[in-house]
Amino acid sequence: MIHSKWFRLLLVIVCIVAGGYFLQSYNQVDKPQMVNTDGRTFEKAQVIEIIQDNVQENGSRVGDQIVSLRIESGVHAGKTVQANCPNGLLFGTVCEPGMEVVVISSTIGQLDLHTVYNIDRSLPIYLYIAAFLILLSVVGGKKGVKSAVALLFTFICFVFLFFPMILRGTGPVAASILTSGIVLAATMYLINGWSKKSVTAFLATLGGILTAGISAIIFGQAVNLSGYNVSNIESLMFVAQNTMIDIGQILFAGILFASLGAVMDIAMDVTSACAEIEKHNPQISRKALFQAGMNVGRDVMGTMSTTLILAFFGGSLGTWVLDYVYDLPYLQLINSNSIGIEIMKGFSASFGVIFTVPIAAALSAFTWRKDNGKKTVVKL
């Protein structure tokens, strides 16, 4: 038994090392230079003094601030420089002495130019993430720690696997399916280990996200919507002209990723419920176990579908507010690309959730029980 534990630990370590080496090597791709950044760097700085403010008598701000900064990183670290601070909602900020900011340092020949990009948000972001991971670990205990590791692994897979994969020419849909499968397998293993429960939930989740993707593709073809109808298509087309990325599939790949969490959740709910029912009632028949799984799934399915639709609605709330305020005609609204895409996102992910319930219930019944001919029925 001890030797078996050490062997599993050694196997996990070998897989982590080998996987890390593969991801590091696979991530070495040649990225085309989309924007000329020669002589331009982003550095940390602290505001020393406001040389010229842009506040008006009525309290409004017009034009740029002129500020004195002390550079805290890069080749100019320790130097005090003068910089412009633009007055904008997306670019620049309102500087005050002592404020930590990020500055764009540009070198043109012998001339150094400095512009405040934004307030430095690094520390609050790190603290916010750390607080989440600590709370997850404290409240969730051992499984919370494993969940935190699974989240970190998911992020690593996105950055070091999915992005290089599509940049190398792999279709985004195929890349998202492969990435989702790896993330799903790792998450199931970390939380439940290798067991019939985790394998069953894995297969049910895979079936659910494939259902979500297929329903999105069918809907897109029916209403003539594709990844070329998104709002930032001009920028994406520029990317497509300079890379091997098939931007037409990015929309559908995003739907697969968006549905992964909810589908995995409901698959595990149904699978765990069936496992507990079979554990406490070993004489239950396969049919009764399937019915029990369906009953549990129906309870979760409604709230999960609503959660998905509300999540997509909240993510595009700005679009809905603009459409409401402008009081667009119904025919214009229902036939707009943006509304059609949001409907496709929300409902295709919900299709995945709905179909996951019978898939998980059927797999659970097949995995745990051999039909013994008894008429045991469980009503939940």
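Patches are built from residues with over 30% relative accessible area and no salt bridge, joining like charges within 9 Å and nonpolar side chains (Val, Leu, Ile, Met, Phe, Trp, Tyr) within 5 Å. The model is predicted, so local features need pLDDT of at least 70 and side-chain atom pairs pLDDT 80 or more, whereas totals for chains, interfaces and linings use all residues. Residues are numbered from 1 along each chain as its sequence is written, and side-chain values use heavy atoms, without hydrogens and water.

**View 1. A nonpolar surface patch formed by Phe313, Leu317, Val321, Leu322, Tyr324, Val325 and Tyr326.** Together these residues have about 800 Å² of accessible area (Shrake-Rupley method, 1.4 Å probe, only the protein chains shown counting as cover for residues). Helix α8 (residues 317-325) gives the most to the patch, with five residues; helices are DSSP runs of H or I with at least four residues, numbered from the N terminus. Leu317 lies in helix α8.

**View 2. Helix α3 (residues 172-192) and its cover.** Buried residues (under 20% relative accessible area, 1.4 Å probe, protein chains only) of α3 include Pro172, Val173, Leu184 and Met188. Among the elements covering them (contact: heavy atoms within 4.5 Å) are α2 (122-167), α4 (196-222) and α6 (250-280). Just after α3, Gly193 adopts a positive phi of about 70°.

**View 3. The bend of helix α10 at Thr356.** The bend is about 25° (angle between axes fitted to the seven residues ending there and the seven starting there). A proline, Pro358, follows within four residues.

Conventions:
A salt bridge is a side-chain nitrogen of Lys or Arg within 4 Å of a carboxyl oxygen of Asp or Glu. Helices (H or I, at least four residues) and strands (E, at least two) are DSSP runs, numbered from the N terminus. The expected span of a helix is 1.5 Å times one less than its number of residues. Buried means under 20% relative accessible area, exposed over 50%, partly exposed in between (1.4 Å probe, protein chains only).
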